[in-house]
Amino acid sequence: MIFWPLSGTVFSYVVHLYSENKSRGKSLIINLLSNILWTTICVFFSHNFPLNNSFKASCVACCVAIVLALWVIPFVGQKDDRPAINFVLGFVKHIFLSLIVSLILFLGLELLIQSFIFLFDFHVEETQVLYLLIFCFFFLAPSLVVLQTPSGEDKYAVRNWTENKFMNGVIHFLVIPLHLVYLLTLYLYVIKIVLTWTLPNGWVSWLVTALMFLTIVIVYLLYPVNFQAEKKRFDQLVLRYLPIVVLPLLFLMSIGIIRRFNDYGISVLRIYLLAFNLWCYAVCIGLYVVKSKRLSWIVGSFTVLMLTLTVLPYNVFTFTRNKLQSDIKQIAMENGVTKFQWIVLRIRNY
């Protein structure tokens, strides 16, 4: 009752935005079939509760895919990605406003309940705090977000957010300088590696991941530069060559991941990190090739990769389990063990 309403609200909203411009009959069929599908998936998760690590990851991946779909699905067929980016920026603003309103309501209701307890000696269970949290943040907040966000043709509005003084300041005096500091730090680390002739530390993968995230954010925020009549030279250079500047550092991340595999062996997190690293190569090269003219494929490809690695019957978790099981068998056989039933059952239970 916590998971399904929240995820179902977002899912239904994505489907509604996609189908609202279609005929009434087709829209009804799309909404009905889609919600039946998601409800079936939720029932499947509930019947396997408590979830093992594989199901937990699948559940998270499905929810993340629903959120990312809000960025892509309703805007299929648009000439450029400005409506989608503008919609998401407004959506984020609406989320913060809804959370503030929900927090005020939660504090007000909690104060009222406490007043009844102290003034009239009412007995209230301690679980009332949890119930209020669920109501305010899992029912009310999503509803407020939906009520604020545009629909119909309004969601296709094209605005240049870089002309906004606040957004322009955030982009040029906060996000880009932070990215520059990350770049300088990592390239200084590259120089240190060359001078000392040592392998990179595994921690570098997290720093490069943060750098890649900032790169994608900057590319999205500077996207309207492609359509401005009076173009800013600095913004053009950043949008065109930033992915190429980041590309060599992905190789540093690759070496760090390989070192982790060699030092500690295979793990679920390391496989995800390796897949993300390869995806980052594709994004940087793709952005340079298409000259950052279209960006929706970035979110779409990440969603497909995440679902492919997580949700399919043979996924990262089953691969890791089978590989560890195979390694244990090999070590056991090398030491004269020929019966593996106990080991296999323990691994399966795990």
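Hi everyone, and thanks for coming. One thing before we start: what we have here is a predicted model.

Let's begin with the largest pocket. About 1,300 Å³ of space lies inside it. The lining is made up of 45 residues, and the closest to the pocket's centre are Leu-68, Trp-71, Phe-213, Val-217 and Val-299. Which elements give two or more residues to that lining? They are H3, H4, H7, H9 and H10. If you want to find H4 on the screen, it is the helix covering 82–120. H4 gives the most to the lining, with 12 residues. Sorted by class, the lining has 36 nonpolar residues, alongside 5 polar and 4 charged ones.

Now over to helix H9, where we find Asn-277. Is Asn-277 buried or exposed? It is buried, because its relative accessible area is 0% and the cut-off for buried is under 20%. Leaving out residues up to four places away in sequence, Asn-277 touches Leu-250, Met-253, Ser-254 and Ile-257.

Staying with H9 for a moment, let's step into the loop that joins H9 (268–290) to H10 (296–310), which holds Lys-291. Lys-291 has a positive phi of about 60°, although it is not a glycine. Why point that out? Because most residues other than glycine have a negative phi. At 45% relative accessibility, Lys-291 counts as partly exposed.

Trp-197 is another residue to look at here. Its phi is near 55°, again a positive value in a residue other than glycine. You'll find Trp-197 in the loop between helix H6 (165–196) and helix H7 (204–221). Trp-197 is exposed, because its relative accessible area is 75% and exposed means over 50%.

Between Phe-49 and Pro-50 the peptide bond is cis, with omega near 0°. As a reminder, most peptide bonds are trans. Pro-50 sits in the loop between helix H2 (24–47) and helix H3 (53–72).

My last stop is Thr-318, in helix H11, which spans residues 316–334. Thr-318 is buried, with a relative accessible area of 15%. What lies 2.7 Å from a polar atom of the Thr-318 side chain? It is the backbone nitrogen of Asn-315. As for Ala-282, it is 36 residues from Thr-318 in sequence and 26 Å away in space, C-alpha to C-alpha.

That's my tour, so please ask away!

Notes:
Residues numbered from 1 in each chain as written. Predicted model: local features only at pLDDT ≥ 70, side-chain atom pairs only at ≥ 80, totals over all residues. Heavy atoms only, no water. Helix = DSSP H or I, 4+ residues; strand = E, 2+ residues; numbered from the N terminus. Buried < 20%, exposed > 50% of the residue type's maximum accessible area, 1.4 Å probe, protein only. Polar contact = N/O pair within 3.5 Å; in protein donor to acceptor, adjacent residues only side chain to side chain. Contact = heavy atoms within 4.5 Å. 1 Å grid on protein atoms, 1.4 Å probe; cavity = no way out; pocket = protein on both sides within 12 Å on 5 of 7 lines; lining within 4 Å. Points joined across faces, edges and corners; volume = space filled by probe spheres on them. Nonpolar A, V, L, I, M, F, W, Y, C, P; charged D, E, K, R; others polar.
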